[in-house]
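Take a look at the chain below.

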Amino acid sequence: MNRKSSDFQLTLEECKRILDHISGLVVVDKDGTIRYMAKELKEKITQTEGENFSKEILGKNIREIYPASKLIDFLESEKNEELAVYLGMSGINIARMKALYEGKKMIGVVDFDLFSTAQEVDLFFNKLEALSADGLLDFSDRIKRIISGKKRKKAHKKYSLADIIGDSVPIRELKSKLVRMSETDSTVLIEAETGCGKELVAHSIHNLSKRMNYPFIEINCAAIPESLFESELFGYEGGAFTGAQPGGRPGKLELAEKGALFLDEVDQLPYHIQPKLLRVLQEKEFCRIGGRTKKMDVRIIAASNKNLALLVKEGKFREDLYYRLNIMRVTIPPLRERKEDIPLFVEQSIQEMNTLLDKKVECVSPQVMKYFYCYNWPGNVRELKNLIERAMNLCVGKQIEAGDLGDFVSESLYGEMKSTIFTEKNPLEKARELAEQEVIEKALDLCGGNKQKAAELLKISRATLYNKLAHSSKSV
């Protein structure tokens, strides 16, 4: 019998393979419940959230999985289709959302990426530019406006999320957290060791936020004399004190209006200023010295390389101010917890120094890279960059060798500590591991077995905690 061929001949497995190759694909029903998610996107979420998370994605609501998703607004708007622009971990992401219908009834939404990274957007503009040059399309005026606007905005943008180097799980977690933080006006406290990039993180939060086109004003609390701090922060009116400028002067708070004020090394904030800053945070107002109270619209971002909670216990920092600053806290992982990012830092530093020193160094030797992986980097990224700069000045070939590192190898790695680093049965190392296991077990006990809370208590990333737990179970 001659049968008419079906209009649809793809198998279920072929359909799934096609759907998994559509970048960023998410399909939700009309209530926002996830019905399908592309494999690549699911893996990204799993890497960020933890190993068991992927099993729970399908059937969960998009609001729970990704509260910042533009799909949520789209579902509530009852539109047929829309473009969504995300300022995210890769710099920019452009997605298309289309409503799905059964007859005239809307039953869900499909969301997929048009551009997944800033590089893809740049490539698209390059093609438009080429088409305009060939006379096939005329986007030249619009492209010029975009480029000129980009140059104007870049002038006051010191850093952005794209400047945070790394593809490790801790860094992906950090970037994801910064994106969420940028969507609110709440105060942020950044805690990290010296050299981790606190200023970079602060700028990234600001330049992702709705305040991005307004000032980002910085104060290094350790660099201002205590007697001048109040006038520097709040400003003063003319004649307020001997030597005051006749017209007065605005303080940093006033200069940051509608933008953000970054208090670096906030642990060094003079004690007598702390209650005044607390009032600023509570009342959203300030007063110039000798002036009247003014309302303000400024987001506060504070940073410290010390444990503020410990300083509170020692009576060196006000408890009430600490709670006001600690609305949203972010901890930057030290370099020793994400050593897989070291090659990226090395590559970037070499490129920067090649331009600065007019050299053509291409890489570091495999032996040098081994040294880098063995070292614990107490000075973090800053120490690594400084070491690369020193080596670049000494390097005469296209590859940085061990001899170009100066005393780094002998003093930091292969001096008296050589046997300690590479001996597996070292009793001191074993004692350290046992002590670390005991602290982790106590943290988990205090947090009722909740690994996320335990990681926050220990001030390490959840991924690091999982790694340490896996290591301890293997060594038992």
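## Terms and ground rules

Buried means under 20% relative accessible area, exposed means over 50%, and partly exposed lies in between (1.4 Å probe, protein chains only). At 3% relative accessibility, Cys-221 therefore counts as buried.

This is a predicted model, in which local features need pLDDT of at least 70, side-chain atom pairs count only at pLDDT 80 or more, and totals for chains, interfaces and linings use all residues. Residues are numbered from 1 along each chain as its sequence is written, and side-chain values use heavy atoms, with hydrogens and water left out.

## The whole chain

The protein chain holds 21 helices and 16 strands. These are DSSP runs, numbered from the N terminus: helices are H or I with at least four residues, strands are E with at least two. The chain has 476 residues, and 40% of them are buried.

Contact means heavy atoms within 4.5 Å. Take the contacts in the chain with a separation of 6 or more: 63% of them link residues 24 or more positions apart.

## Helices α7 and α8

Two packed helices are described by the angle between their axes and the distance between the axes. Axes are lines fitted to C-alpha atoms, for helices over the stretch in contact, and angles run from 0 to 180 degrees between N-to-C directions. Helix α7 spans residues 169-182 and helix α8 spans residues 198-208. They pack at an angle of about 45°, with axes 8 Å apart. That makes α7 oblique to α8. Angles under 35 degrees count as roughly parallel, over 145 as roughly antiparallel, 65 to 115 as roughly perpendicular, and the rest as oblique.

The crossing of α7 and α8 is right-handed. A crossing is right-handed if the near helix is turned clockwise from the far one by less than a right angle, and left-handed if anticlockwise. From α7, the contact uses Leu-174, Leu-178, Val-179, Met-181 and Ser-182. From α8, Val-201, Ser-204, Ile-205 and Leu-208 take part. By class, the residues of this contact are seven nonpolar, two polar and no charged. Here Ala, Val, Leu, Ile, Met, Phe, Trp, Tyr, Cys and Pro count as nonpolar, Asp, Glu, Lys and Arg as charged, and the others, Gly among them, as polar.

Ser-204 sits in helix α8. Ser-204 is buried, with a relative accessible area of 0%. Leaving aside residues up to four places away in sequence, Ser-204 touches Tyr-159, Ser-160, Leu-161, Ile-164 and Leu-178.

## Helix α14 and its partners

Helix α14 covers residues 342-357 and packs with α15 at an angle of about 125°. The two axes are 11 Å apart. α14 and α15 are therefore oblique to each other, and their crossing is right-handed. Ile-342, Pro-343 and Val-346 of α14 meet Met-369, Phe-372 and Tyr-373 of α15. This contact has six nonpolar, no polar and no charged residues.

α14 also packs with α16, at an angle of about 45° and with axes 9 Å apart. This pair is oblique too. Its crossing is right-handed. Residues of α14 in the contact include Phe-345, Ser-349 and Glu-352, while those of α16 include Leu-384, Lys-385 and Ile-388. The classes here are ten nonpolar, four polar and three charged.

## Residues in loops

Where does Cys-221 lie? Its place is the loop between β7 (216-220) and α9 (229-234). Cys-221 and Asp-267 are 46 residues apart in sequence, and their C-alpha atoms are 7.8 Å apart in space. Not counting residues up to four places away in sequence, Cys-221 touches Phe-229, Leu-263, Asp-264, Glu-265, Val-266, Gln-268 and Leu-269.

Ser-461 lies in the loop between α20 (451-458) and α21 (462-475). Ser-461 is buried, at 13% relative accessible area. A polar contact of 2.8 Å joins the side chains of Ser-461 and Thr-464. Such a contact is a pair of N or O atoms within 3.5 Å; within protein, one must be able to donate a hydrogen and the other to accept it, and residues adjacent in sequence count only if both atoms are side-chain atoms.

## Two positive phi values

Trp-377 is not a glycine, yet its phi is positive, at about 50°. Trp-377 lies in the loop between α15 (366-374) and α16 (380-394), and it is buried, with a relative accessible area of 0%. Lys-258 has a positive phi near 70°. Lys-258 is in the loop between α10 (252-255) and β10 (260-264). Buried or partly exposed? Lys-258 is partly exposed, with a relative accessible area of 40%.
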